[in-house]
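Take a look at the sequence and structure first, then read on.

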Amino acid sequence: MPFHLRLPKPLSRRMSIKLFFKYVLPTRILAHSFKISSRFICTDNNLDKLVDPQLKFPENNEYFPQQEKKKLKESSFSVQELGFLQNSILGSSKTEPKTGNFPDNDDFLVINAIRNSNDGFGETTEKALRQFRQKLNPGLVVNVLSNIHNPDLGVKFFKWAGRQIGYVHNVSVYDALLDVIGCDSVPEQFVHDIGKEDKEVLGKLLNVLIRKCCKNGLWNLALEELGRLKDSGYQPSATTYNALVQVFLEVNRLETASLIYKEMSELDFKMDKHTINSFTRLLCKVGKWREALDLIDKEEFVPDTVIYTNMISGLCEGSFFEEAMDFLNLMRTISCIPNRVTYQVLLCALLNRRKLGRVKRVLNLMISEGCYPGQKIFNSLVHAYCRSGDYRYAYKLIKKMDGCGCQPGYVVYNILIGGICGNDELPSKDVLELAENVYSEMLTAGLVLNKVNVVNFARCLCACGKYEDAFSVIKEMMSKGFVPDASTYSKVIGFLCNASKVDKAFLLFQEMKRNGVVPDVYTYTILIDSFCKSGLIQQARNWFNEMIEKDCTPNVVTYTAIIHAYLRQRKISDANELFESMLMQGCIPNVVTFTALIDGYCKAGHIEKACQIYARMKGSLDTPEVDLYFKVDLDDANKEPSVVTYGAMVDGLCKAHKVKEARNLLDVMVAEGCEPNHIVYDALIDGFCKVGKLDDAQDIFAKMSECGYSPSVYTYSSLIDRLFKDKRLDLAVKVLSKMLESSCPPNVVIYTEMVDGLCKVGKIDEAYKLMLMMEEKGCHPNVVTYTAMIDGFGKAGKVNECLKLIEGMGNKGCAPNYITYSVAIKHSCAAGLLDEALQLLEEMKQISWPKHMASHLKVIEGFRRDYLISLGLLEDMSNNNFVPIIPVYRVLIDSYQKAGRLEFAVELLKEISSSSPFPHLDKKIYSSLIECLSVSNKIDLAFELYADMIKKGAVPELTDFVNLIKGLINMNKWENALELSETLYYMLHASKSTTIQLL
């Protein structure tokens, strides 16, 4: 770090500078190349680069609109037009007032005299001009030269004017003459004529010519004219030298500028302040700050804030930030106070180079000295720190604005919220909370978000589950005068739908219509697709019909979503009807539609139909069974299978256990030039794992890696699940290790598979430890995980642990469903804990009772089919309106029956029989209970069950009569027994006669 000298006595400013840079500044940049960079230019008053280019700030031009400028330009007159008008008016009105800078009458009289003489500026012309000798002045000469439009006449008039007594050319006259004859190519003849007339005038003219070339950036032409000036025996003036130095500095030709300065110095000419500023700035830019200081000293120039600011700008442009900071410290040491522009130059350069750590130092120093940044600087600072991800400091900057007398406004708040929420990656929880705080401050200040930030902010809120807050954002913005359009509503509805919050999306859709915003096809399609995916196809169809009524034509995506949903629910006739309607409306199906048909038929279990559609797309099969879908002529692009089509086919074949055909389809894909993606590979690996072909799954896994696809968590899930089923725990551990090495943390599905697998091999304690570990890793067990663990404890005879776990689920925010209760009830009954089992049943009825098939299907998601079958929970599911709760009651009734608690068993049977139709009840339950009741001398209860069974339309078995007769005999009710026996005899005789007649 540079250090400051303690001087024993006050020194002069120049001596202080020399001592500072002799001992303080590092010497590592004494020599530096002349490589010039133009990445940063910042003059005293030009701060535009500090403004975020994506933000529009009001400029001065806004107060003079372009349209007005255009009108003014169109309404102005050229010199010729003005001359014509004045010549026309002169004869009738000599008192016409002169306005602005228009040439007066004498100018035009001179021009007319020159043009009308027609003698090439001979004696006649000179005679006509004698009357203007007394009126001759540089302004008149300039006006004549500017309007004569004839180089030859212009030169001759210039020479004539120069000969007149009392008149002397000034710089404006030389400049006007050069405009007439053209400064880019002054003819030698003109130079000769002027020099012959007056050599001193020619010298001045050539000096002005050089400066004019420099002003226009024609540095090469300026050098040529410099040579001509010297060849003609003239000496450049100090002003000319300054102009030459400046033009070469502007084009970064430092060496040439130095040579000209050397020549200039030998003539004892001094540079002006502007030239010194430019020279020292460029020297600093290439690292020659010592030479810059020597130059200032040599020119005997007293440096001020402006020149130091320019030098700092040059150092920053050359990326010499340490030296720039040292110069800033120097300014403060010698009491040359840095101003706002000085600090802004530094801030601007540091921002452009992303040196945000240094920016903080400079900003704090600037504010501590009472030099406050403006609104645009703060805007750019906040934008820069948002781009770097330092949102906390960006927020601190907004807080600093108040202390700097700069009220945070609409722009800076939108920059911060847009920086947080406008990225593809969602913000973290704490960063989103910061955005919410900023938003609250905006509302307090009466400010609003722009349309883009409304959408982005709502997206982030929805992604974090803050759906009510997302609603509030739109409502609050509307209260501030913001009117969401269809696009804004559609995007927010889309975010809600993607988060499976279709209820919230529906409410927002209703509000959209209440506010008079007409939904477009995009809005309807988002809702229809989301409701279809949620299984709410009837509501989706209602919206489809509403679209038709409101003349909002559905597109191919709309039709495809509903057709796909119908097929998945096995409503094939409805799907076909809608497909025909689509064709009638002139909506042509595309490859996405055919892919949806294939996937829908696969999900509906019609794999053969899916294969036929695929074959028809490929043109390899012409079967009438799928003619409906190919009625219209389609181009190749609309029916050429995509990678998604192949993925649907592979997945469908694998789920139908046709893994060989799926593997062959992979080869077809490659041969057709359609590269499989990771979804196709995952489906194949899962298919091979499901049928136990682990070696084939490993081959696909290797092929997937060769093609550059990294295994996903779903890939590892399929492999680990198979390995646990095969009890190959050593390989499962290796796969898990590889998964962790690949920075792919297990998800809840993989943890659940491992917990279930360990339970199945009897490693209950290890399974429970794994479940605790997954919580520590931030992966919370779901209801499937808990159910697997409860089942494991139950099979190990640790029923009390089952009950503790199911009780603790609620405290962990995971409610048990009826499958969880079914498992716990089963194990409680097996352990003889009937009261606990009955209590679990009561809890189940209160909080987890699936009343409809839709809710039942939602509950069993995540549970393997073989596991559900083992629990008896998939019996009779072919009936869409039946919920399989009978097995739970069967277990309880059987357990109470075995325990001799027949009254409870009867009550349970009556309870379930009152809510379920008899065909779905197991008649064996009745028969078994009748037998037990008869043996236990509870014949009245047995006959009640018998009557209930008859009432429900069931036909008792012979064994039921036998058991009832035995019960009556045990109760010494012989007459009743004989009566029932006769009834049984007649029933059997009638049944036998009917059978003989049928034969």
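**Overall picture**

In the protein chain, residues 24 or more positions apart account for 64% of the contacts with a separation of 6 or more, where contact means heavy atoms within 4.5 Å. The chain has 54 helices and 0 strands; helices (H or I, at least four residues) and strands (E, at least two) are DSSP runs, numbered from the N terminus. Of its 999 residues, 48% are buried, meaning under 20% relative accessible area with a 1.4 Å probe, protein chains only.

This is a predicted model, in which local features need pLDDT of at least 70 and side-chain atom pairs count only at pLDDT 80 or more, while totals for chains, interfaces and linings use all residues. Residues are numbered from 1 along each chain as its sequence is written, and side-chain values use heavy atoms, with hydrogens and water left out.

**Helix H24 with helix H26**

- Helix H24 (residues 451-463) and helix H26 (residues 486-498) have axes that come within 9 Å and cross at roughly 10°; axes are lines fitted to C-alpha atoms, for helices over the stretch in contact, and angles run from 0 to 180 degrees between N-to-C directions.
- That angle makes H24 roughly parallel to H26, a label for angles under 35 degrees.
- On the H24 side, the contact is made by Lys451, Val454, Val455, Ala458, Arg459 and Cys462, and on the H26 side by Thr488, Lys491, Val492, Phe495 and Leu496.
- By class, this contact of H24 with H26 has 7 nonpolar, 1 polar and 3 charged residues (Ala, Val, Leu, Ile, Met, Phe, Trp, Tyr, Cys and Pro count as nonpolar, Asp, Glu, Lys and Arg as charged, and the others, Gly among them, as polar).

**Helix H22 with helix H24**

- The axes of helix H22 (residues 410-421) and H24 come within 9 Å and cross at roughly 45°.
- H22 is therefore oblique to H24.
- Asn414, Ile417, Gly418 and Cys421 of H22 make the contact with Asn453, Asn456, Phe457, Arg459 and Cys460 of H24.
- The residues of this contact of H22 with H24 divide into 4 nonpolar, 4 polar and 1 charged.

**Helix H30 and its surroundings**

- Helix H30 (residues 556-568) has 13 residues and reaches 18 Å from its first C-alpha to its last, close to the 18 Å expected at 1.5 Å a residue; the expected span is 1.5 Å times one less than the number of residues.
- Since 11 of the 13 residues of H30 are buried, H30 is largely enclosed by the rest of the structure.
- The buried residues of H30 include Val556, Tyr559, Ile563 and His564.
- They pack against helix H28 (521-533), helix H29 (537-549), helix H31 (572-584) and helix H32 (591-603).

Note on methods
Angles under 35 degrees count as roughly parallel, over 145 as roughly antiparallel, 65 to 115 as roughly perpendicular and the rest as oblique. Buried means under 20% relative accessible area, exposed over 50%, partly exposed in between (1.4 Å probe, protein chains only).
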